[in-house]
Amino acid sequence: MAKLTCFSELTPLAPVMSNGSAQLSPEDKWFKVYKLPYDVFAIFEPYHFQEVISYLIPGSKKALLLDTGMGIGGNIRRLAEALTNLPITVVNTHSHFDHTGGNYLFDSVHLLDISECVSQLSRGSFLPADDENLFFDAYSYPGELWFEYNKIETKPCNVIPVSESHIFELGGRNLRVIATPGHSDDSLMLIDDKNKVLFTGDTVYPAPLYAHLSQSNLETYRNTIYMLKEKFSDYTLMCSHNNPVWEGSALGEIAEAFDTVIERKKHETLPGPQCYKFNDFSIIA
């Protein structure tokens with residue numbers, strides 16, 4: 001079984017940091033920040049059940065912020081600028097609300113060039129009032145919440161379409177875009193070939209993989225995982241939910257799991273999405 005590094009094994013950075021020109025606000029206690037290998041910062045939002053992770057990836061000339069989180073409880077731009085003095089480029093792994101909530105804080109963000117998704121993200125969106133992500137019990141903050149917990153939205157923002165194989169040059173570190181459809185049409189990953197690191201977005205992480213959403217496609221998802229398995233099984237995976245670092249050999253386990261789910265669904269007549277559990281993850285299909 002592929003080795004998984006959990007946040008419980010790591011020590012977060014001090015809640016108030018300074019780079020000489022910026023200091024974190026007490027409001028940013030919503031986030032926990034961890035320093036990972038290869039000079040990568042994981043910006044974790046542990047107090048909502050989504051447990052989403054954004055990544056700040058510095059080079060020598062620029063830094064790249066991969067996703068902007070849920071947009072609640074703190075200011076991710078202020079946090080990122082406290083962690084680096086470098087100019088920051090923002091990329092979304094896909095356009096779902098829990099990865100794009102802080103987009104409006106930045107001048108522009110990049111998204112895979114899927115026209116419908118680019119247009120929707122530019123306009124913004126909000127969750128309906130009956131969405132489970134808005135319920136009080138979706139939160140686990142130790143103390144009183146100091147923000148409007150029952151409102152989550154992606155505000156309008158300037159979106160720059162980006163194509164597969166585009167390279168973000170950060171100075172001493174290049175990040176290459178790869179399209180990874182299945183979870184959503186606009187899913188992408190970033191590849192750091194020099195350090196053999198794959199930033200996976202929502203396509204791969206150690207928790208329930210969502211293959212049942214309106215843009216999801218089970219067969220496409222499986223094909224993407226097999227492609228990743230063939231190319232990146234010896235890379236380190238940095239994942240966007242729950243826990244951060246997973247060995248690339250997990251891609252083989254996930255590929256086999258998708259085969260199992262697809263075969264089982266041929267013979268099942270159960271209504272609605274079903275959760276199929278495996279070792280460190282499950283698949284909802």
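Two strands are taken to pair if DSSP finds at least two bridges between them. Helices (H or I, at least four residues) and strands (E, at least two) are DSSP runs, numbered from the N terminus. The structure is a predicted model, in which local features need pLDDT of at least 70 and side-chain atom pairs count only at pLDDT 80 or more, whereas totals for chains, interfaces and linings use all residues. Residues are numbered from 1 along each chain as its sequence is written, and side-chain values use heavy atoms, with hydrogens and water left out.

By this criterion, strand E16 (residues 236–238) and strand E17 (residues 245–247) are antiparallel partners joined over 3 bridges. Within this pair, Met238 has Val245 of E17 as its bridge partner. Both strands belong to an open sheet of 7 strands with mixed pairing, ordered E1-E17-E16-E14-E13-E12-E11. Strand E1 (4–5) and strand E11 (167–169) form the edges of this sheet, each pairing on one side only. Helix H4 packs on the sheet and touches E12, E13 and E14, and the direction of H4 makes about 145° with that of E12; axes here are lines fitted to C-alpha atoms, for helices over the stretch in contact, and angles run from 0 to 180 degrees between N-to-C directions.

Helix H4 comprises 15 residues (residues 218–232), which should span 21 Å at 1.5 Å a residue; its end C-alpha atoms are 21 Å apart, in agreement with that value. The expected span is 1.5 Å times one less than the number of residues. At the start of H4, the backbone nitrogen of Glu219 has a side-chain oxygen of Asn217 within 3.2 Å. An α-helix has 3.6 residues a turn, so residues three or four places apart point the same way.

The pairing of E15 with strand E19 (residues 282–284) is parallel and runs over 3 bridges, and Tyr210 has Ile284 of E19 as its bridge partner.

Strand E3 (residues 40–44) is mostly covered, with 5 of its 5 residues buried. Val40, Ala42 and Phe44 are buried on one side of E3, and Phe41 and Ile43 are buried on the other. In a regular strand the side chains alternate between the two faces of the sheet. E3 pairs in the antiparallel sense with strand E2 (residues 32–36) over 5 bridges, and the hairpin of E2 and E3 has 3 residues between the strands, with Tyr38 taking a positive phi near 65°. E3 is also joined to strand E4 (residues 53–58) by 4 bridges, again antiparallel. Phe41 stands opposite Leu56 in E4, while Lys35 stands opposite Phe41.

Lys35, located in strand E2, counts as partly exposed at 42% relative accessibility. The side chain of Lys35 makes a polar contact (a pair of N or O atoms within 3.5 Å; within protein, one must be able to donate a hydrogen and the other to accept it, and residues adjacent in sequence count only if both atoms are side-chain atoms) with the side chain of Asp39, at 3.2 Å.

In helix H3 (residues 115–123), the buried residues are Cys117, Val118 and Leu121. They cover an arc of only 100° around the axis, which puts them on the same side of H3. Ser115, Glu116 and Arg123 are exposed on the other side of H3.

Definitions and conventions
Contact = heavy atoms within 4.5 Å. Buried < 20%, exposed > 50% of the residue type's maximum accessible area, 1.4 Å probe, protein only. Arc of directions from axis to C-beta.
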